[in-house]
Amino acid sequence: MKIGFYPGCSLTGSSREYNESVVALAKALDIELVEIKDWNCCGATAAHVMNEELSLSLPARIMAMAEEQGLTEVVVPCAACYNRLKVTQHELEDENKRTRVIEILKLPYRGDLKIINVLQMLEAYGAENIKTRVTRPFAHKVACYYGCLLVRPHSILKFDRVEDPQSMDTLIKGIGGTTLDWAFKTECCGAGFSVSRTDLVAKLSGNILKDAADRSAEAVIVACPLCQSNLDMRRGAINKTLKNPIDIPVIYITQAIGLALGIGAKELGLKRHFVTVEL
Amino acid sequence: MSKIGVFICHCGENISATVDVERVAREIGGMEGVAHAIDYKYMCSDPGQTFIKEAVKKYGLDGVVVGACSPRMHEPTFRRACAEAGLNPYLCEMANLREHCSWVHEKSEETTEKAIDLVKMMVEKVKKNKPLDSIKVPVTKRALVIGGGIAGIQASLDIANTGHKVILVERDPSIGGHMSQLSETFPTLDCSQCILTPRMVEVAQHPNIKLYTYAELESLEGFIGNFKAKIRLKAKSVNYSTCTGCGACIQKCPVKKIPSEFNAGLGTRTAIYVPFPQAVPNKPVIDRVNCNYYKRGACKICEKTCQVGSIEWDKEDEIITEEVGAVVLATGFDVKGTDFFPEYGYGQYKDVLTGLQFERLASASGPTFGEIRRPSDGAIPKKIVFIACAGSRDPAKGIPYCSKICCMYTAKHAMLYQHKVHDGESTVFYMDIRAGGKNYEEFVRRAIEEDTVNYVRGRVARVYEKNGKLIVKGVDTLLGGEQVEIEADMVVLATAGVANCGSEQLAQKLHVSYDPYHFFAEAHPKLKPVETNTAGIFLAGACQAPKDIPETVGMASGAAVKVAALFSNDELVREPVVAVVNRLAPPLYSTCVGCFMCETACPYNAIEHEEIKGRDGSLIRTIARVNQGLCQGCGTCVAFCRSKSIDIQGYTNEQVYAEVMSLLND
Amino acid sequence: MSSNTDFEPKIIAFVCNWCTYAGADLTGTSRLKYATNVKIVRFPCTGRIDFLLLLKSFAQGADGVIVSGCHPNDCHYTSGNFHARRRWIAFRSILDLMGVDIRRIQYSWVSAAEGSKWADLVNNTVADIRALGPYAEYQKVADYLEKEGYNEEA
């Protein structure tokens, strides 16, 4: 199985462990990831509030490159990148916008690339292998946290139940885990305010962690680098807002499955977390 | 050659002030085929009409043209005059010299010339007119009412009280509908069952009403005045002629945990059951899906208990045919369940209820005997949140319309709660309060001011459960968009009212139209609210759109009057302006080739398939035939017909062509 | 285009009984004035109007045609005006293709309450057709077909 791969900026910087775990897991599941050559930033949270043409051109270039390199399907692990690529594809169905963007890029753009997130990749190409290759069942009670960008807006992404998504829960159950029915599955963690308003992030992420902890989760499972870094890196600030400090780790779905398949903690980047992972 | 009489009216001076009427009469008098042409001050007056009648007899006229006002005004008058003189009324036409000529033009040569043209048009048309007879359709004076809720009950009683027979068909084992489930009713807070059950009994005892419960319409054929309804009587498994309704079987039935439909799933019932204590008829049916005997072949405890031997295990569904002249559709509505709302927990939280479930909790005959208690643990909720517009007015949920009753019943619910739980706190989240109706606004004010219900203008984003509480996260848009979080013990969703399940299929069976939300469509939104586009089929109640009890009752009585008016004559007399398919002598039979484009054009399903058979019974051809009872005379089929085989009486191709050509061939 | 002041166009209006005919009645009861060039042919519904009749009208010397009925969703017969509209859309492009001057056909909705709209419609149409001049091109074709016995030869 061969599939295009767009890591995006986060996965080469603050969320290297996500990249490492995606690559390690793909390898273990016989999925060959073909990285898009000469990819660029998707514009993420900043571009689309500043400049529409820029916010469409950046993701469009990534997809145009992928198309040029003969890829038909691309997995995008970062939820923000996934969201931007999907939204751009949707926006560029408009003839005028497409013509303008092609004019800017000076590259052909068809718009028929299939963009999927990591959960969709695992569901589609990994489900069977995961089932047969589990060597260390993931016997933990966890809270699956999807965040905002992975499921919204539903009308464009058309992925999972928008208020109560289930795909990550199903994957966790598949490796022997127990998932919580909890209230903050799709609440916002503060996202892009991670740098400018840490106080807001501490409050919003605090709400999420508190509910997970109150329901005695052993870990929070995520599929978005921004969610992970807010819940993990900002733990100090979060704990200052809470009565009882919370020490439950926040790991990627790829790390959880990797552990179950017996991949080493170092290979999965588990050593890079701020909150110690002992699972 | 034709002998046409032309009568030009001065209309006082209304026409003669701008049109030289004498010249019109003179010039038209010289036209080919015109035997007699005069002008007179008031043609519609008695002497004027007498001129026409006498001329018809004296000159043996075979056509009459009256140049006067609009035919929309006096066509019936002059046609009647002609008929009295022995001329077929449909050989009389009017030229509109007033509204379309003298009143809209200045006095001039051109105006008179236009008047001459207008009369000429009609003379040429009348030459092609054919005598027509008004259409008479016999009427079966028996009505079919579908649905035994308050709409169907009211319509049935009203029709029955005019002395006509009514067949009332109800899908459930008892009549009563949603109204029987309600606790108290707004804006008076009188008990719903107290006002409804006497009517239910009246239906059962009325000599003119035949009641079929546990029955559904299978098919409807025919047309206004002459319908044939096939009704499926579902097997009750209990012989109602011997059953005394003692209820012993219900006591002994071992299958006790079936969610009760009547209690909106909050209570339970047995497999042999009467939906509720005041049911009409008050005799049980066996729910075969849940009965041990039908499921596993053993049990029959009810049979052992029954002292009169009324249980009929092998009874099958029965299909009966009834002939009726009119149909009233009163199939009501349904409400969305809590599982429709992912943001409010996909229906997984036991203490998130629909408004209908809350009605059952508040009802003295409900599962808690009128005490407001949580379904999860039976505790009395101290904090309760009502969410209005759950689904309604929400295009994202596919329900952009207002469900109309929720504002009022939510105010009522909050009030009932405050009356029953004195130390309780209730909050209503609303979009707008729509309390249009007699004493409605006052009622809502009472809830807010006297019963201290906390009204918060804003939406609820999410409800989730935590530590046995329901956390309601919403926004107060009146206080600068403040976020509001309430730890509630119970949440009641005023879920959207939607079309009853199966309404689309029923509409298709009856050939009535329905809107995108599967509510039945009225014939005209303002002037024909109880009629459908299918003549003889009427609407009552919430099957047309969500509505409250007073409106439903009013509409049901309206439908009943329409039925009574239809039944007031033995025959239905209609204008013969209908489409006809030509018929020719064999071997042609008709120029119709049987493409049935007319069928696709017809909004009334008036096109039938007529099989032309030879002497040996073999099929020669299938051609179109117009059902004159259903045809309303729009003529859309005529324009669709490729072989010009269908034409509309009164506006035939020949007539219209003659009119147009008269204007152009100078 | 040179406007021909002596030219009095012949215009036929095909209207439905329930909306436009009643609307034109209202023009009368409101005593609003309009040009005398338009003569109304009454139909039960615009759905009844056979568009070949329009061609016949042109062939016989009409300079312009008005088709008018109820507004969408107001049809007395529910959907006749939708059929008429659809027919008009298809017919218009075919006529255009054939070389018929579609400016000669005015398609409109006039309700029973729009007496003044009817007066405006008539006056505007008359002015437009007057500006276009007599429909001589169609006349030529019609005359040619008539004289050369085109139908017989075919």
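Glu187(A) pairs with Arg462(B) in a salt bridge, with 3.2 Å between the closest N and O atoms. The model is predicted. This pair crosses from chain A to chain B, and the interface of these two chains holds five salt bridges. Eight residue pairs are in polar contact between the two chains. The contact draws on 12 residues from chain A and nine residues from chain B. Together the chains bury about 960 Å², of which 39% is on carbon and sulfur atoms.

Now turn to the inside of chain A. Helix α4 covers residues 79-91. Its 13 residues should span 18 Å at 1.5 Å a residue, and the end C-alpha atoms are 18 Å apart, so the two values agree. How many residues of α4(A) are buried? The count is 11 of 13, and the helix is mostly covered. Among the buried residues are Cys81(A), Tyr82(A), Arg84(A) and Lys86(A). The buried residues pack against several elements of chain A, including α3 (52-68), β4 (114-116) and α6 (118-133).

Asp30(A) meets Arg133(A) at 2.9 Å, N to O. Asp30(A) sits in the loop between α1 (16-28) and β2 (32-35), and Arg133(A) in helix α6, so the pair ties together parts of chain A that are 103 residues apart in sequence. Asp30(A) is partly exposed because its relative accessible area is 47%. Arg133(A), at 30%, is partly exposed too. Glu53(A) and Arg100(A) form another salt bridge, with the closest N and O atoms 2.9 Å apart. This pair links helix α3 to helix α5 (residues 95-105), 47 residues apart. Glu53(A) is partly exposed at 36%, and Arg100(A) is partly exposed at 33%.

In chain B, Arg374(B) and Asp351(B) form a salt bridge at 3.3 Å between the closest N and O atoms. Each residue lies in a loop, so the pair ties together parts 23 residues apart in sequence. Are these two residues buried or exposed? Both are buried. Over all chains, the whole structure has 66 salt bridges.

Arg42(C) also touches Asn17(C). Asn17(C) lies in the loop between β1 (11-16) and α1 (20-29) of chain C. With a relative accessible area of 9%, Asn17(C) is buried. Its contacts include Arg72(B) from chain B, and Phe43(C) and Pro44(C) from chain C.

Methods:
Residues are numbered from 1 along each chain as its sequence is written. Chains are lettered from A and ligands numbered from 1 in the order in which they are written. This is a predicted model: local features need pLDDT of at least 70, side-chain atom pairs count only at pLDDT 80 or more; totals for chains, interfaces and linings use all residues. Side-chain values use heavy atoms; hydrogens and water are left out. Contact means heavy atoms within 4.5 Å. Buried area is the accessible area (1.4 Å probe) that two parts lose on being put together, summed over both. A salt bridge is a side-chain nitrogen of Lys or Arg within 4 Å of a carboxyl oxygen of Asp or Glu. A polar contact is a pair of N or O atoms within 3.5 Å; within protein, one must be able to donate a hydrogen and the other to accept it, and residues adjacent in sequence count only if both atoms are side-chain atoms. Helices (H or I, at least four residues) and strands (E, at least two) are DSSP runs, numbered from the N terminus. The expected span of a helix is 1.5 Å times one less than its number of residues. Buried means under 20% relative accessible area, exposed over 50%, partly exposed in between (1.4 Å probe, protein chains only). Lists of a residue's contacts leave out its neighbours within four places in sequence.
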